[in-house]
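Subject: Structure handover

Hi,

Here is the structure I promised to pass on. Please open it alongside this note. My findings follow below.

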Amino acid sequence: MEPLVAVQIALAAVQDVLFATAVGSFACAVMGKRSGMGAPASLPRWQAGISIALTLTALAYLWLQAAVMSGSPLAEATDAVAAVLTESHYGIAWSVGFTGALLAALSRLSARRGLPLFAVGLVAWAVGKAAASHAADTGDFSVREAIHVVHLGATALWAGSVIVAATVLRRSPATHAMAEQRATFCNELSHLATAALVVVLVTGFYNVMQDTAQASAPLFGMGWGRILAAKLVCVATAVALGGWNRLVVLPDLRARARQDSVAFMAAQGRFDAWLSVEALVMLAVLSIAAVLGHTSPTGG
């Protein structure tokens, strides 16, 4: 693997984590309001910082892509950047995603319409990313590309809500005065993650079938297939952790919310601990997804 491609993959993994965290922060803001628990006062600053980081990494990735596409050294890729932006399909897709990241960053300047604009920016980022992926091989505005946009959004919602919620719950003290609100928040998180997971699995299966339709080797005989297997192991681990929290820990947490404060805080501690482990697994899922996106699914 060429060094620039390796750097691209690492940067793409960072972008996937940033995008998922941004989507998760949006979801947690909504769930916090609905549950009565509220959202951290620092959440708008988090969202602004994440969006700015996404914008900057997009610029860095464009420079790397230009160097890779032109075969020129990174320090001499200036002319190639202009050519990629104006003469390639990737340049159009990148522009859509970059505009989305920029809109998400600027949206935090508006107190009244900030959150809706933030969401629109994230959708535009997903559209641009899908247009630059294998899903665009059959052309833009296709069913395949639309389904990949849904897959990217659902993955970010699933992983991001877990990652951000783990941080929010850890930073928010588990007092009995907020027990019912916290229990409601955790319950909504569980339902959201489950719904997003279903969409991820359905759209992911469709994507795999489309990506490997022209494969020249058995699925797990290719490097792409083996990377996919590693991702599926991590997904299965995350599902097991989330399932344990949903089926075992969460019912106890809800039952304790109206009873003994010590028992509630213990149950909340168990929920938070399992959620934190699940969040770490989600980081692995997003990182492997970046590797998968930079590997040929046809074995060629």
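Start with Met 37, which sits in the loop between helix H1 (3-35) and H2. Bear in mind that this is a predicted model. Met 37 has a relative accessible area of 12%. The cut-off for buried is under 20%, so Met 37 counts as buried.

What does Met 37 touch? Leaving out residues up to four places away in sequence, its contacts are Gly 32, Val 168, Leu 169, Met 178, Gln 181, Arg 182 and Phe 185. Take Gln 181 from that list. Met 37 and Gln 181 are 144 residues apart in sequence. In space, their C-alpha atoms are 5.1 Å apart.

Next, the helix pairs.

H2 covers residues 43-70, and H3 covers residues 78-87. Their axes are 8 Å apart, and the packing angle is about 95°. H2 is therefore roughly perpendicular to H3. On the H2 side, the contact uses Leu 62, Trp 63, Ala 66, Met 69 and Ser 70. H3 brings Thr 78, Ala 80, Val 81, Val 84 and Leu 85. Sorted by class, this contact has eight nonpolar residues, two polar and no charged ones.

The other pair is H6 (residues 143-171) with H9 (residues 261-293). Here the axes come within 8 Å and cross at roughly 140°. That angle makes H6 oblique to H9. The crossing is left-handed. Which residues make the contact? From H6 they are Thr 155, Trp 158, Ala 159, Val 162, Ile 163, Ala 165, Ala 166, Leu 169 and Arg 170. From H9 they are Gln 268, Phe 271, Asp 272, Ala 273, Leu 275, Ser 276, Glu 278, Ala 279, Met 282, Leu 283 and Leu 286. The classes here are 14 nonpolar, three polar and three charged. Leu 169 of H6 is in this contact, and Leu 169 also touches Met 37.

Last, the cysteines.

Is Cys 28 buried or exposed? Cys 28 is buried, because its relative accessibility is 4%. Cys 234 is buried too, at 17% relative accessibility.

Best wishes

Terms used. Residues are numbered from 1 along each chain as its sequence is written. This is a predicted model: local features need pLDDT of at least 70, side-chain atom pairs count only at pLDDT 80 or more; totals for chains, interfaces and linings use all residues. Side-chain values use heavy atoms; hydrogens and water are left out. Buried means under 20% relative accessible area, exposed over 50%, partly exposed in between (1.4 Å probe, protein chains only). Axes are lines fitted to C-alpha atoms, for helices over the stretch in contact, and angles run from 0 to 180 degrees between N-to-C directions. Helices (H or I, at least four residues) and strands (E, at least two) are DSSP runs, numbered from the N terminus. Angles under 35 degrees count as roughly parallel, over 145 as roughly antiparallel, 65 to 115 as roughly perpendicular and the rest as oblique. A crossing is left-handed if the near helix is turned anticlockwise from the far one by less than a right angle, and right-handed if clockwise. Contact means heavy atoms within 4.5 Å. Ala, Val, Leu, Ile, Met, Phe, Trp, Tyr, Cys and Pro count as nonpolar, Asp, Glu, Lys and Arg as charged, and the others, Gly among them, as polar.
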